[in-house]
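Let's take a walk through this protein together. Keep the picture in view as you read, and find each residue as it comes up.

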Amino acid sequence: MLKRCNKCGLLIKVLEDCNCDNCKITCCGETLEDIEPNSVDASFEKHVPEYQISGENINVKVNHVMEDEHYIEWISYVYDNNEQIVYFDPGDEPIATFKYVKGATIYSYCNKHSLWSKVVE
């Protein structure tokens with residue numbers, strides 16, 4: 001699960017969240033927002049990761065602008081108890097190659113439009 005501060009943009013990954021009634025993670029004086037991945041692109045910019053299987057590998061691409069103010073920060077590939085992340089800077093091409101695992105989930109994170117996902121078939 002990801003949580004984000006809506007004031008400063010802090011993004012944290014929570015491995016196990018607390019169940020207490022009054023417990024919360026805060027930043028900038030506010031409770032962090034839970035981030036749920038989107039999976040349907042409805043905007044002009046594309047965010048949902050695309051992939052092609054090539055033998056034992058999977059090639060992932062996000063067809064998105066990579067400008068200083070608007071870009072894909074990272075692509076994450078999650079399967080079983082494994083996660084691999086590739087980070088990007090503005091101007092980079094948001095592509096990555098991973099080991100093909102049917103049922104894996106690919107995540108992409110846009111600095112303006114948050115988290116997106118796609119399940120590998």
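Start at Ile-72. Skipping its neighbours within four places in sequence, Ile-72 is in contact (heavy atoms within 4.5 Å) with Val-62, His-64, Val-65, Met-66, Phe-88, Pro-94, Ser-108, Tyr-109 and Cys-110. A quick note on what you're looking at: this is a predicted model, where local features need pLDDT of at least 70 and side-chain atom pairs count only at pLDDT 80 or more, while totals for chains, interfaces and linings use all residues. Residues are numbered from 1 along each chain as its sequence is written, and side-chain values use heavy atoms, with hydrogens and water left out.

Now for the middle of things. A nonpolar core is a set of buried (under 20% relative accessible area, 1.4 Å probe, protein chains only) Ala, Val, Leu, Ile, Met, Phe, Trp, Tyr and Cys residues joined through side-chain atoms within 4.5 Å. The largest one here has 17 residues, and Ile-72 is among those with the most contacts inside it, as are Ile-58 and Phe-98. Strands E7 (57-61), E8 (72-79), E10 (95-99) and E11 (105-110) each supply at least two of its residues; strands here are DSSP runs of at least two residues, numbered from the N terminus. E8 gives the most, with 4 residues.

So what surrounds E8? Of its 8 residues, 6 are buried, so E8 is largely enclosed by the rest of the structure. E8 pairs (DSSP finds at least two bridges) with E11 in the antiparallel sense over 6 bridges, and Ile-72 has Cys-110 of E11 as its bridge partner. Another 6 bridges join E8 to antiparallel strand E9 (residues 82-87).

Note on methods. Buried means under 20% relative accessible area, exposed over 50%, partly exposed in between (1.4 Å probe, protein chains only).
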